[in-house]
Amino acid sequence: MKYVVANWKMNPTKLLDAERLLSNIEKHLPGGTKKERIIVAAPFLFLHPLAHIANKVSLAAQNVFWEQSGAFTGEISPEMLRHLGLRYVMVGHSERRLHNLEDQKVINRKVDAALAAGLRPILAVGTTKRTVSAATVELRAQLRHVSRISPAKRARLLIAFEPLFAIGSGKPADPDYVAMAAQQIHRIIDVPVLYGGSVDDATAHEYLKQKSVAGVLVGSASLNARIFAAIVRTALKA
Ligand code: PGA
């Protein structure tokens, strides 16, 4: 199956609502064992309690620090996530680049630290250009570091391709454009490429059917259990 990542962002505000949302998602999913490729990225605070009730999905953090321990007030390390039993962590989301002023150097260090702790980083790469050739210039700059990581470590990496104009806009990027961009990414680094940006249950199949697209990363639509579960069911068939 392909990957489906829910990015809950800074939602919901209550633990009880987070537990309800996860339970509802699982209620709408077909039975069976835990799926490595259905991933819910929840706020840090909720990860521990959610880990106790997650039966069908894997959990992810939305961010991580670049050191494993020490005098870094307010930070969460890759080792901490690993010891919680987590496998995945998102790194470099465009909202963190914007609001937390994370630059490529910081993001590269986070990817390295996550890999060192044995995690699978989901590296988000955002582009602003609407033509594939112009976007490729942006992609090369954001992927230069990871393309040089050793093949053994690189194999654990996932890329989330997220054009900035598509995130939170309600207007997902053209599936052909996404497929071509994913092919360009594969020329730079051969790891699974997910698409993110206003994906919902009506559009997910447009991306999941593309050979070069290994999955979708879903923001606002993932806060609706029924809609998110519908996207997962599409991915299970893809
Ligand atoms: P969206 O968010 O689906 O709400 O556009 C996607 C993302 O930011 O990862």
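Two strands are taken to pair if DSSP finds at least two bridges between them, and helices (H or I, at least four residues) and strands (E, at least two) are DSSP runs, numbered from the N terminus. The structure is a predicted model, in which local features need pLDDT of at least 70 and side-chain atom pairs count only at pLDDT 80 or more, while totals for chains, interfaces and linings use all residues. Residues are numbered from 1 along each chain as its sequence is written, and side-chain values use heavy atoms, with hydrogens and water left out.

In this model, four bridges join β1 to strand β2 (residues 35-41), and the two run parallel; within this pair, Val4 stands opposite Ile38 of β2. Strand β2 also pairs in the parallel sense with strand β3 (residues 57-61), again over four bridges, and here Ile39 is placed opposite Ser58 of β3. Altogether, eight strands close into a barrel with parallel pairing, in the order β1-β2-β3-β4-β5-β6-β7-β8. Neighbouring strands of this sheet are turned against each other by 30 degrees on average, direction ignored, where axes are lines fitted to C-alpha atoms, for helices over the stretch in contact, and angles run from 0 to 180 degrees between N-to-C directions. Strand β1 (residues 3-7) is paired with strand β8 (residues 215-218) in the parallel sense through four bridges, with Ala6 opposite Val218.

Helix α5 (residues 104-116) lies across β4 (88-91) and β5 (120-127), and runs at about 160 degrees to β5, whereas helix α8 (residues 175-188) lies across β5, β6 (158-163) and β7 (193-196), at about 140 degrees to β6.

A nonpolar core is a set of buried (under 20% relative accessible area, 1.4 Å probe, protein chains only) Ala, Val, Leu, Ile, Met, Phe, Trp, Tyr and Cys residues joined through side-chain atoms within 4.5 Å. The largest such core has 65 residues, and those with the most contacts inside it are Trp8, Leu123 and Phe161; its largest share, seven residues, comes from helix α10 (residues 225-237). Apart from it lies another core of 14 residues, among them Val5, Tyr88, Met90 and Leu217.

Around the ligand there are 13 residues (each with a heavy atom within 4 Å of the molecule), of which Lys9, His93, Glu162, Gly168 and Ser198 come nearest. An N or O atom in the side chain of Lys9 is 2.8 Å from a ligand oxygen atom, and a backbone N or O atom of Gly219 likewise lies 2.8 Å from an oxygen atom of the ligand.

Conventions
Contact = heavy atoms within 4.5 Å. Buried < 20%, exposed > 50% of the residue type's maximum accessible area, 1.4 Å probe, protein only. Polar contact = N/O pair within 3.5 Å; in protein donor to acceptor, adjacent residues only side chain to side chain.
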